[in-house]
Amino acid sequence: MERIYMDYAATAPMLPEALAAYVAAAGDAPGNPSSLHAFGRGARSRVTEARDALSRAIGCRPDELTFTGGGTESDNAALFGAARAQRAKDPRRTGIVTTAVEHHAVLHAAERLAAEGFALTVLPVDRLGRVSVRDAEAAIDDSTAVVSVMYGNNETGTLQPVAEIGELARRHDAVMHVDAVQALGYVSIDVGALPVDLLSLSAHKIGGPQGVGALFVRAGTPWQPLLYGGSQERRRRAGTENVAGIAAFGAAASLVSHAVEERREHVASVRDALLSGLLERLGPNALTVNGDPDPAGRLPHILNIGIEGVSNETLLMNLDLQGIAASGGSACTSGSLQPSHVLTAMGLSPHFCKNSVRFSFGMGNTISQADKTAEIIATIVARLRKR
């Protein structure tokens with residue numbers, strides 16, 4: 001039985017080049033990047049090479065990048081670091097503005113800041129999952145410390161107007177944070193052209209290893225470190241660097257940043273093949289695309305659909321038995337019995353939320369796999385509806 005993996009938004013298989021970089025670094029002579037001897041200099045060289053590669057991938061200076069333990073730490077470090085620094089500089093800066101469809105790494109951090117006395121504003125989204133620039137303009141003022149809006153949603157793929165909202169934040173001297181974990185590798189990111197002060201990234205979404213992330217901090221941005229201890233990462237993130245993981249992250253970032261258009265076209269073709277196959281077999285009234293129906297308005301590798309009358313739990317279990325991996329939403333909350341907070345914020349009923357499934361694609365997927373998956377889903381749905 002062919003196994004088909006369509007859950008790249010949860011984690012992507014490691015690229016061969018990233019795995020090779022990891023093995024080379026992990027198997028090399030022992031070395032702490034902070035040590036001054038030859039072993040330490042060798043480890044530091046690997047970290048520097050990876051930092052240079054990632055900085056080229058997003059258009060920033062190498063000294064503006066801090067390596068972290070993953071996307072969640074990057075989001076937390078961005079919000080806590082900027083909010084506390086802003087309030088320390090001006091006690092009147094207590095506003096946190098974010099959206100209802102952010103990853104929980106942002107939402108839960110924002111809620112924690114609210115418990116510390118910050119004023120939290122959570123902006124609503126429309127039926128497509130997109131926040132209104134007008135709502136953001138009404139919420140951002142001279143008391144705002146941090147604005148956090150994700151680049152593209154991890155459940156629906158809907159792209160947000162980060163450039164327009166970033167300009168609003170800049171107008172009021174608020175720090176603008178963007179969670180770009182799902183966007184890297186599928187969108188050309190240039191922080192030199194974007195009004196963004198902080199940007200969070202994760203290695204395992206682009207074919208690097210799990211447990212490694214990065215945070216872009218624009219020079220001059222008010223920000224305090226989340227972790228204290230040693231002087232690693234220019235005193236921005238204490239703790240010995242994960243040299244092997246960082247080396248692999250750099251290798252993956254270099255590869256995907258040079259092939260953004262190729263990657264976009266490939267995953268979009270697989271996505272479109274799966275959707276057209278389902279529409280042909282189930283009929284146009286049997287399913288709904290959650291998020292922006294215009295492909296230009298969402299990330300190319302994510303397809304979130306609701307199939308009327310079929311629970312996602314039952315469909316996913318049956319797909320798994322057929323060797324097909326997909327998900328009911330964010331991998332971080334897949335075990336929860338609660339409906340997706342993203343789909344709920346978009347106005348979908350709890351019942352329909354529990355009928356929705358996310359397929360997410362990568363370079364390892366093919367149109368043939370999409371056709372086969374559509375056929376298997378149609379067979380499963382027909383069998384379930386006979387009961």
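Modeller: Helices (H or I, at least four residues) and strands (E, at least two) are DSSP runs, numbered from the N terminus. The model is predicted, so local features need pLDDT of at least 70 and side-chain atom pairs count only at pLDDT 80 or more, while totals for chains, interfaces and linings use all residues. Residues are numbered from 1 along each chain as its sequence is written, and side-chain values use heavy atoms, with hydrogens and water left out.

Start with helix 9, residues 260-282, and helix 13, residues 367-385. They pack at an angle of about 30 degrees. Their axes are 8 Å apart. Axes are lines fitted to C-alpha atoms, for helices over the stretch in contact, and angles run from 0 to 180 degrees between N-to-C directions. Helix 9 is therefore roughly parallel to helix 13 (under 35 degrees; over 145 is roughly antiparallel, 65 to 115 roughly perpendicular, the rest oblique). The crossing of helix 9 past helix 13 is right-handed. A crossing is right-handed if the near helix is turned clockwise from the far one by less than a right angle, and left-handed if anticlockwise.

Now the residues that touch. Contact means heavy atoms within 4.5 Å. On the helix 9 side, they are S269, V270, A273, L274, G277, L278, R281 and L282. On the helix 13 side, they are I367, A370, D371, T373, A374, E375, I377, A378 and V381. The residues of this contact between helix 9 and helix 13 divide into 11 nonpolar, 3 polar and 3 charged. Here Ala, Val, Leu, Ile, Met, Phe, Trp, Tyr, Cys and Pro count as nonpolar, Asp, Glu, Lys and Arg as charged, and the others, Gly among them, as polar.

Next comes helix 2, residues 38-58, with helix 8, residues 243-257. The angle between helix 2 and helix 8 is about 30 degrees, and their axes lie 8 Å apart. So helix 2 and helix 8 are roughly parallel to each other. Helix 2 passes helix 8 in a left-handed crossing. From helix 2, A43, R46, V47, A50, A53, L54 and A57 take part. They meet V243, I246, A247, F249, G250, A253, S254 and S257 in helix 8. The contact of helix 2 with helix 8 has 11 nonpolar, 3 polar and 1 charged residues.

A29 sits in the loop between helix 1 (16-27) and helix 2. A29 is partly exposed, at 40% relative accessibility (buried is under 20% relative accessible area, exposed over 50%, partly exposed in between, with a 1.4 Å probe and protein chains only). A29 and F39 are 10 residues apart in sequence and 6.7 Å apart in space, C-alpha to C-alpha.

V162 is in helix 6. V162 is buried, with a relative accessible area of 5%. Leaving aside neighbours within four places in sequence, V162 contacts V149, M150, Y151, M176 and V178.

Two backbone points remain. Most residues other than glycine have a negative phi. D173, not a glycine, has a positive phi of about 60 degrees. D173 lies in the loop between helix 6 (162-171) and strand 6 (175-179). D173 is exposed, at 56%. R235 also has a positive phi, near 65 degrees. R235 is in helix 7, residues 232-235. R235 is exposed, at 59% relative accessibility.

Last, the cysteines. C60 is buried at 11%, and C353 is buried at 3%. The count of disulfides is 0, a disulfide being a pair of cysteine sulfur atoms within 2.5 Å.
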